[in-house]
Every structure is written in C-alpha cells, then in structure tokens.
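Here is a short tour of a protein model, written for someone who likes to check geometry by eye. Keep the viewer open and follow along.

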Amino acid sequence: MPVRIEISNDDIKKTERILLEGENMFDDEREVFIKNFSTVDLQAVPGSGKTTALLAKLIAIEEKLPFDNGSGVLVLSHTNAAIDEIKETVRIHSPKLLRFPNYIGTIQSFVNSFLAAPYASNVLDTRLSIIDDSRYKKEVWNNFLKIEWDPKYGKPTTYFYRRHIGKSNAESRKSDLSAKSICRKYMEAEIKSLYYDPINDTINTFRDDSVILRDSTKRMFKGIKKCITDTLYEGIISYKYAYKLGRHYCNLYPKMIHLLQKRFSHVFVDEMQDMNYDQYNILEDLFYSEGKSETVFQRIGDKNQSIYDGRLIDEEVWVDRDYTLKIQGSHRLSVKTSNLVGSFSLYGTQDEDYTIKSLAKDGIKPHLIVYESKNIEEVIPTYASIIKDLKGKKLIPEKSKYPHSVIAWNTDWKTEEELNDTDKIRLIDYYPDFKKRLKSNVSDFENLYSFINCPVGQNNSFKEISNNINNAILKALRIEGFQDENQRYITKRKLVQELKENYKMYQTYKSAIWNSSIEIADSNFDNALSTISDFIEQLLKYFGAKVNYSKHFISSKNLDPSIEPGHFRDREHNKIVINDIELELNTVHSVKGKTHSTTLYLESYYQKYYESYRLADQLKGVPFPSSEKRKFHKHSTIMMYVGLSRARDLVCVSISKENFDAYLSGISVDEWEVIHI
C-alpha cells in the first residue's frame, strides 16, 4: 500500500509563510492540489503559480520523512533550469528531499541513471561513459566509414546512395554543388540518425522512428547494426537512445518497474506538457502501469504550452487522467490580457470549466502596431515609446524585476535565397543587428577569464555553467602538472572521488561551484572569477602545492578571440536600449516559462503564412476551434498562447499593413489599441 500523507491547515500556513509574500494565502484551487495525494493530473493556466504550489507540497512532505516503508519521493521536470529552481527552495526548506531514497532531477538524468546506465552495465557489459547526441552521431558515422564499401556487409554506401540521389540531382540543378556531394551529406545525416531497436529487431531513424532496415538476416542490416552496437559498446549513446534502451531494459527485467515503484511511492512531474513521446511513455510504464501501480503519480503542467526540444507537437501527447485538477486563476495575467490569451487555447476552449481567470487588475488594452514595409525597423522603437509613455502615466511600474521583451517565432533564415526574400519577415528584419543565441562547442581556453565568460548552451543552466567551471579547474591542475597514479591527467570523476575523502574540502568545492554558477548566471563575472581563483589556490594547497605555472592562466583577462565581446552570455545577448528602455530580443521558445513586464510579439513567416492569416479570428477574440485539424494552424496558436502569456503589464503585437488590411481591418478598438506607423 502507498504511504498515506495528510497535509494539515497548519502545514499550509507554514508553506505560505515561506513561499508567499506578505499576507498572501493559497486559494482553494491551490490548497486542494497541495493536499491531494492521489494519482491525478493538474492542468494550470499561465501565471497560476503551479510550481510554487508543488514546492508547497514538497515542503509539507518533508516533515513526514522518512516514510515508514523506506520509500522516497521522485520529482522530475524537463529542463535543468526548472530543476535548479526547485532544488534552490528544497535545499533551504526541505533538505531531506535531496537525500536517498529521494531523487530530484530532469527526466533525462533520471533515465540515464536508473535505466540507461544499468542497461549498459548488465546487458552490454560496458560502462556508460558518454551520453551526448553529437558524440553518438560522430562515432556511428566513423564506424560506418569503416564498412561503407565492405562486401561482407553488402557495400552499404550503395544502398544509402540510392535512397538520396534523386533529390540530390534535383538540388544540384539549382546550385553550384555536385549531386554526389549533396547526396553524401544526406547519407551522412541519415546514418547519424540511426539506432538499433532491440525490441523489434529493426534499424530505425530517430527523426520519426520509421524503420529503415527490417530483415536482420541481410548483410546490410548486420553491418549497420554493427556500426550502432560498436558505438554502444564504447559506452556512447545519445539522449534519445537512453529512452529506447531504458524501455528495453524494463522489458528484459520487469522487476525493475516493481523496484522503482517500491522506491518511489510518490512521483511528481512538473512541466509535463514538455515531455515527448519517449519520455511520456517511459513514465507511464514505470509509474502508472495501466492504473495498476501503487505509486502516487501526479503530472503537472499546461497542455496549451506543448513545446519540447525547440519543436512543436503535432498530436496530443499528454492524455488527461479521468480525475484532473485545475488551477484556472492567473496571478500574472491581467483581465484584458487573459481574455486575449484564452482565445489561443488549443485545449479546453470548449470547456467552460477550464478558462483563464485573471486574479490581477483589469489592465491595459493589448496594443496592435501596424507598420508599412518601409517602416518595419520603427516597430521596436515604437514599442519602447509606448512603454515609456505608460510608465509616465504610472500604468506600468517604473522599475520591475521583469524584463521588457521582444519575441518572434522565427528569427532568421538559413539560405541566401530566403535571406533575400523580402516577403518572408522574421525578427532580423525588424532589428537587423539581431544575432541568434550563442552556443560555443569550445571547452578549452587559454585563461580562466575566458572559461567564465564563455557562452554555454541555450538554457544557460547551472549544469552547463558548472561543467565549464570544472573544465577550468581541471585545466589549472593540468598546467600545474598534476596526474593520477597512472600518470594521466586528473578527470572530474577522479577529483570528486579524491575530495569526497575529505568532507570539509568536498563541501568547499561544491560551494565554490554553486556560488560561482549563480554569479555567472547573474552576469557577475568578476565575482565568479574571484571565487574560482580562490578555490584553485585552496585546491592546490590541499594537494601540497601552490599557484606556480598556472599563474598566468588564472590572472590573465585577455578574452579568447572565439568569444565575441559584448555577448558573453545568453542572458546578455541581444539586449538593446531604445529611448531609455532596455529591451530583450528572443525567440518564443526561449522565453517559455518566463515572466515579462511587457511583451512585443512580432509576427513572422512560417510555412507560407503569418500568424494573422491563420489566427485572425483568435486575434478578434474568437476561441480557437477544437475541430481545427490543420497542423500549422495548431502550431501557430500554441506559439501565440505561449508568447502572449508572458506579460504582467502589457501585450503588443506587430502586423504589416498588408496583413492588417486583409485579415484584421474590422478588429474591435474596444479590445485593442491600434497604432499605425
């Protein structure tokens, strides 16, 4: 039987004092969820404080730990950033949740640790050393090159050449490249996307899970399988492959499911709408088991924001339980903004019991900025002027912890032809100096200063930042000549093992990584530099040495030329100041889950049309029809829903005069403030 947990009113009051400001209290919707410990879904509107409600539940649970039956709590989310937010509160107020048998992490880290790594060890008899898409692709391709003309495996290049030469010939006629070179690129991309499905004994592609090779008796099949399995035996898999192998591991050893359910009596998954099919299915297999599991499994999120991996879903992944809780009250969205956002709801628009109910003020009417093509670069300055004017009228806070953001679905184009096509508008047309978020693959620099200022991944997460810091520390040790007992340079694993033998030093190490990561995330680079410099000195002293050969590495402030000055960090990238108003320019994908003071949504071209063409009725306040089946209409409404639901104070939308005249000329001025430039 699952552990029985009861949350009292006193428990609720305690969490309110910790999590809420002033005299604020959890309302009935949130209190019902916090007290609920059955298998249930929670659908929550934007700005509803669902993560805060989850944190309240976790804080209340902490006092009930450890459970009598020895089980623990599992908390999962989609991104490192979301997990960092949860851990930051838990670390202070619910530290028991960070200890065994509990686990808080991303769905990827959970599958890696509890399924993929055991599969590699117990089935492949190898140690899983690298989980990385690019490394997996590289190794599979390198293994393919060893057999591509081998008769023993049916000369596999000929097969893949035939698959792609037709479209390569067509492309060659439109470019200066030969059909052979184009075909080679298509072949390489496809080979890198392949995986062996041990459940069905087929060779599939990660792109859409379609089967490429089916007959396992054929030479070709054996050759491609060898390319993939050799990569696995090297301990290298991709992120997606971890889920495939994880499910296979559960098929081979069904007892694993029972053991995981026994360990985790309560499972909470935040941002459930971001889970893809593989992630969704593996969670259902493990913790729902077609309703037979005794684990309390709660899924939390908003299906109307179904974006994952930078992509959009085409079909509904998350199917509600029979019993679903709802939080419909939004603290973020004003009445006028919530009315607008609700029109773009893909799910629940016909359900009167699931609407966005503003808990905030009446708010400012949404603004529609209509521009002529020759004035497109005036759109963003006009937005800045609107903000300044509303600040002067005290309708927008003069100072806010939330940014003024400019967002668009599409930012720039890949081909020269598209770049020169003036009919295809994207963010870069509104602001020509826009540059996509930087992502550096470089993990080695000449000095500590460059490591700290190096752009990391798109999420700018603590994991990405801390990896960079660890690389810098290890380089300092290499420069000083430190090696292990096998005369090899010290790895992160070796360093951690060494430091764990000295509790105080290990805690100093963790504190240095954590504190400097926070400083870097907040763009306080000098503070981070000081923290890491001091730690390296302490570390060398711990090893019985002092700063010697690494002195220049630590002290130099010559930024590596591969890092563009002024764009050190994703958070700083594409910040501009117009009319004394600081603006951030981003994609819609990158601002998901964030809160803005104001938002300008720039209409952009996607699959032959603009948002105003597909969603004219929704901009006029008509709910998105549940009967709509067209894929790109559904894509567009999700993007508008996500983008327009970020702002607390003001929402603006830009549209060309041509599209305005064609689709929106009759829009209500009672609902919109229309500005022509």
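## The six-stranded sheet

Let's begin with an open sheet of 6 strands, whose order is β3-β2-β9-β10-β1-β13 and whose pairing is parallel. The edges belong to β3 (103-106) and β13 (324-327); each has a single partner strand, so one side of each has no neighbour in the sheet. From one strand to the next, the twist averages 15°. Please bear in mind throughout that this is a predicted model.

For a closer look at one pairing, pick out β1 (residues 40-44) and β10 (residues 296-301). These two strands pair in the parallel sense over 4 bridges. A handy landmark here is Leu42, which stands opposite Ile300 in β10.

## Helices on that sheet

Which strands does helix α4 touch? Helix α4 (residues 80-93) packs on the sheet and touches β2 (72-77) and β3, and its direction makes about 155° with that of β3. Helix α12 (residues 277-287) lies across β2, β9 (264-269) and β10, and runs at about 155° to β10.

## Two helix pairs

Two packed helices are described by the angle between their axes and the distance between the axes. With that in mind, take α1 (residues 9-19) and α3 (residues 50-62): they pack at an angle of about 125°, and their axes are 9 Å apart. That angle makes α1 oblique to α3. The crossing of α1 past α3 is right-handed. On the α1 side the contact is made by Asp11, Thr15, Ile18 and Leu19, and on the α3 side by Thr52, Leu55, Ala56, Ile59 and Ala60. Sorted by class, this contact of α1 with α3 has 6 nonpolar, 2 polar and 1 charged residues.

Now turn to α5 (residues 107-122) and α10 (residues 239-252), which pack at an angle of about 60° with their axes 8 Å apart. This makes α5 oblique to α10. Here the crossing of α5 past α10 is left-handed. Residues of α5 in the contact include Ile107, Val111, Leu115 and Tyr119, while those of α10 include Tyr239, Tyr243, Leu245 and Tyr249.

## The three-stranded sheet

An open sheet of 3 strands is also there to find, with the order β5-β6-β7 and antiparallel pairing. Its edge strands are β5 (194-197) and β7 (211-213), each of which pairs on one side only. In this sheet the twist averages 45° from one strand to the next.

Strand β5 is joined to β6 (residues 202-205) by 4 bridges, and the two run antiparallel. To locate the pairing in your viewer, select Tyr195, whose bridge partner in β6 is Asn204. As for what holds such strands together, strands of a sheet pair through backbone hydrogen bonds, either parallel or antiparallel.

## Backbone details worth a click

Where do the cis peptide bonds fall? One runs from Leu65 to Pro66, with omega near -5°, and Pro66 lies in the loop between α3 and β2. Another is the cis peptide bond from Phe100 to Pro101, with omega near 5°; Pro101 is found in the loop between α4 and β3.

A further backbone feature concerns Glu271, which has a positive phi of about 55° although it is not a glycine. Glu271 is found in the loop between β9 and α12.

Apart from its neighbours within four places in sequence, Glu671 is in contact with Lys365 and Pro366. Glu671 and Gln328 are 343 residues apart along the chain, and their C-alpha atoms are separated by 22 Å.

## The whole protein

Stepping back, the protein has 27 helices and 22 strands. Its C-alpha trace spans about 75 × 75 × 60 Å along the principal axes. For 677 residues, a compact globule would have a radius of gyration near 26 Å, and the protein agrees with this at 27 Å.

Definitions and conventions. Residues numbered from 1 in each chain as written. Predicted model: local features only at pLDDT ≥ 70, side-chain atom pairs only at ≥ 80, totals over all residues. Heavy atoms only, no water. Axes fitted to C-alpha atoms, helices over the stretch in contact; angles between N-to-C directions. Parallel < 35°, antiparallel > 145°, perpendicular 65-115°, else oblique. Left-handed = near helix turned anticlockwise from the far one by under 90°. Contact = heavy atoms within 4.5 Å. Nonpolar A, V, L, I, M, F, W, Y, C, P; charged D, E, K, R; others polar. Pairing = 2+ DSSP bridges. Rg over C-alpha atoms; globule rule 2.2 N^0.38 Å.
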